[in-house]
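Subject: Structure handover

Hello,

Here is the structure for your files.

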Amino acid sequence: MPFNVNHIHIKSSDPKKTADWFVEAFNVVIVSDATRPVGDRFITTRTEGGLAINISSERSGETLGPADADPHYGLEHFGFDTDDMDADIERLVGLGAVLKEAPSDQGGGVTIGFIAAPGDIRIELIHRS
């Protein structure tokens, strides 16, 4: 059996607001929205490519550390492909993202840039010419 990525899980103080932002920003679809027995609001979204992005609040009795949209150890970011880097950065910043690293040429026709989505979620944008 291949090891496929099953999902990405984002913790948020306001899962619905975060999910709605991802709907607007990346055209994901909200698949489910429920409060689980462990006390957290748990929203599952799905990208057009089929990847689940789960967004939940803290569980009962759970205290979460701060988010960090800057480079750091551990899971640092996830990426979305783009056909128009400049237009998407402008659009995403208009939706509340912050440009963290301007697009840079990586060679071989690949350009990358980084944004911080609301909630300090670090996202890479990748353009291949």
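This is a predicted model: local features need pLDDT of at least 70, side-chain atom pairs count only at pLDDT 80 or more; totals for chains, interfaces and linings use all residues.

A pocket, as the word is used here, is an open set of points on a 1 Å grid over the protein atoms alone, with protein on both sides within 12 Å along at least five of seven lines.

Pockets

By that definition, the second largest pocket has a volume of about 280 Å³. Its lining is made up of 17 residues, and those nearest the centre are F26, T47, E48, F80 and D81. Sorted by class, the lining comprises 8 nonpolar, 5 polar and 4 charged residues. At least two lining residues come from each of α1, β5 (78-81) and α2 (85-94). The top contributor is β5, which supplies 4 residues.

The largest pocket has a volume of about 710 Å³. Here 28 residues form the lining, with I10, K11, A67, G119 and I121 nearest the centre. The classes are 12 nonpolar, 8 polar and 8 charged. Elements that each give at least two residues to this lining are β1 (7-11), α1 (15-26) and β8 (121-128).

Strand β5

Which residues of β5 are on its covered face, and which on the uncovered one? F78 and F80 are on the covered face, while G79 and D81 are on the uncovered one. Both F80 and D81 are among the residues nearest the centre of the second largest pocket. Strand β5 runs parallel to β8, and the two are joined by 4 bridges. In one of these pairings, D81 has I126 of β8 as its bridge partner.

The four-stranded sheet

There is an open sheet of 4 strands, in the order β1-β4-β3-β2 and with mixed pairing. Strands β1 and β2 (29-35) are at the edges and have a single partner strand each, so one side of each has no neighbour in the sheet. On average, neighbouring strands are turned by 20 degrees against each other, direction ignored. Strands β1 and β4 (52-56) run parallel and are joined by 5 bridges. Within that pair, H9 stands opposite N54 of β4. Helix α1 packs on the sheet and touches β1, β2, β3 (41-46) and β4. The direction of α1 makes about 10 degrees with that of β3.

Two residues

V23 is located in helix α1. Its relative accessibility is 30%; buried requires under 20% and exposed over 50%, so V23 counts as partly exposed. Leaving out residues up to four places away in sequence, V23 touches V28 and I30. P66 is 43 residues from V23 along the chain, and their C-alpha atoms are separated by 24 Å.

T44 is located in strand β3. Is T44 buried or exposed? With a relative accessible area of 13%, T44 is buried.

Regards

Methods:
Residues are numbered from 1 along each chain as its sequence is written. Side-chain values use heavy atoms; hydrogens and water are left out. On a 1 Å grid over the protein atoms alone, a cavity is a set of points where a 1.4 Å probe fits but cannot get out, and a pocket is an open set with protein on both sides within 12 Å along at least five of seven lines; lining residues have an atom within 4 Å of a point. Grid points are joined across faces, edges and corners, and a volume is the space filled by probe spheres set on the points. Ala, Val, Leu, Ile, Met, Phe, Trp, Tyr, Cys and Pro count as nonpolar, Asp, Glu, Lys and Arg as charged, and the others, Gly among them, as polar. Buried means under 20% relative accessible area, exposed over 50%, partly exposed in between (1.4 Å probe, protein chains only). Two strands pair if DSSP finds at least two bridges between them. Axes are lines fitted to C-alpha atoms, for helices over the stretch in contact, and angles run from 0 to 180 degrees between N-to-C directions. Contact means heavy atoms within 4.5 Å.
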